[in-house]
Amino acid sequence: MIAGAVIVLGSCSAPIQVKKNSSPNVLLIIVDDLGYSDLGCYGSEINTENIDALANKGIRFTNFYAAPNCSPTRAMLFSGMDHHKAGLGSMAGRMIGPNQKGKPGYEGYLNSSTVAFSELLKDDGYRTYYTGKWHLGKNKIAHPNARGFDEAWWQESGTCSSHFDLSHHQNTPNYFENDAIQKEVPQDFFSTDFYTDQLISYIDKDKGEMQPFLGILSYSAVHLPIQCPASHIDLYKGKYKDGYEALRAARLQKQKDIGITDRSVTLSKMPHNAKAWQDLSTEEQLFFAKRMEVYAGMVDNVDDNIGKLITYLKKTGQYNNTLVILMSDNGGAGFNGWQSKIGKERYAKADNSIENLGMIGSVEFIGAGWGSASSTPFRLFKRHISEGGLRIPVIISGGFLESNPDSNYHKKLSNGVFNHQILTVRDIAPTIQEIVGINYPIKEYKGRAILPQTGISFAQLLTDDPNLSIHPKEEVFGWELFKRKAVQKEGWKILWIEPDFGTGKWELYNLKEDPTELNDLSDANTEKLKEMITAWEQYQEENNVIISNGEIIFP
């Protein structure tokens, strides 16, 4: 956070007339690859004062699950159903096995069997805007304008080779405004700054309208390459010299102190590919520490931009009628390098010197050690169906909860609260629909056959006890991606991950007693293991899960 930073809103300062008793504005903020513990309000040392302020007047969720990768999570988010049914059974058009090709649910884009909640809000009279990473496929029926957005400035794929302007990309990025490809961007383009300003511009352009808005701000930060503007590059200089093991311990202690994590919780094991900090050379330690400094600056820059957006909404009189949802799309990213041929070539061409790290021309990542710290206290990170790959920070807040006595959802949470019950990304669309008063269509939408949503609205948390249990006790929750698979039921979980990250067989954990997956009970409790395998088979059948018979090659 830059001390004394001045936020300039330009022409975006005239108060907007908000229609009394209108449906709320909905602001959904997605941070890409943000780890469970990367926010101050979730245990981090990074200065995220604007996000923390939202958390302190809203609900923080501690047991909220995504998919282990971005495009499957986004499919669940928009559709309210499992990604194996929504078209992203694998990644968006990538790593699809021969036995998955051509099968329903594996189209590689948000398929026609889904209705995005954004479509329903637009039908109901909402102004709808999207800026940032999309990653729901290249088929035109899956583009933002086809899925309910009036205005969209969007990045089609999952990542690009630079968060800076086009002249610094090693390949042509796929940026669009609506359906027009963008071949030019401002010279001072940095993705986080630009996406925020573009959303403000869209909202401000219609400031004379009386309709509520849906605004989705989907950052490509903090996805690799780890980069941040010059203003943030040195904010955390020297902060990480003690290494990732020390950072994990410090974050866990803070989590316990603020109530995010139970005091009985112990840290998960470090992954096999994270070398002990003390075994690194002095030169390696300096280089690794610089990676984390850049990453922290990147998170800090996200927080500054969220502060800019909230300030704009308050200054223009819209914040008091705005519901804010902030989330990550999966666990923190802990991979140790580029694995595909294109990725390795990109890395070889980059200037990844310690002097240039995080700036134009570098394409670095934080690695397994810092990735584990990002997911504190949980096991592993993005791409895995362990807790560190699946659990995400989620905050529900905004003036709509505190300042609207005419609303059914008025709930002044002046000190913030925690919800420790299990919820999933599938639940967000039904929740938004209930709050704004929209019913999901039955069987058909605009002439096409559709599947039902399987998520459950948690809008009741905003009217009653904010720690209510929403899902039935006996509900089965499942995950599968890249042949890795897991299922959870009544606090028990089995998972399968190949060696060396897993055992290559079913592992069994009691998450109520062992949320960091330290004690595998598969040999000690064979009856529970058998029961959970049956639960997995139930999930697999109900959600059209096809395990790939092809080779998995990561990008």
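Biologist: How many helices and strands are there in the chain?

Modeller: The chain has 13 helices and 18 strands, where helices (H or I, at least four residues) and strands (E, at least two) are DSSP runs numbered from the N terminus. This is a predicted model, in which local features need pLDDT of at least 70 and side-chain atom pairs count only at pLDDT 80 or more, while totals for chains, interfaces and linings use all residues. Residues are numbered from 1 along each chain as its sequence is written, and side-chain values use heavy atoms, with hydrogens and water left out.

Biologist: What share of the residues count as buried?

Modeller: Of the 555 residues, 62% count as buried, meaning under 20% relative accessible area, with exposed being over 50% and partly exposed in between (1.4 Å probe, protein chains only).

Biologist: OK, which residues have the most contacts inside the largest nonpolar core?

Modeller: Those are Ile29, Tyr240, Ile306 and Ile395, in a core of 63 residues; a nonpolar core is a set of buried Ala, Val, Leu, Ile, Met, Phe, Trp, Tyr and Cys residues joined through side-chain atoms within 4.5 Å. Elements that each supply at least two residues of this core include strand E1 (25–31), helix H1 (49–55) and helix H7 (282–315), and the largest share, 14 residues, comes from H7.

Biologist: What is Ile306 in contact with, neighbours aside?

Modeller: Leaving out neighbours within four places in sequence, Ile306 is in contact (heavy atoms within 4.5 Å) with Ile29, Ile51, Leu54, Tyr219 and Leu326.

Biologist: Switching to H9, how many of its residues are buried?

Modeller: Eight of the eight residues of H9 are buried, so this helix is largely enclosed by the rest of the structure. Trp370 is one of those buried residues, and what covers them includes H6 and H7.

Biologist: Last one: where is Ile553?

Modeller: Ile553 sits in the segment after helix H13 (526–542) and is partly exposed, with a relative accessible area of 47%. Although Ile553 and Ser340 are 213 residues apart in sequence, they are 6.6 Å apart in space, C-alpha to C-alpha.
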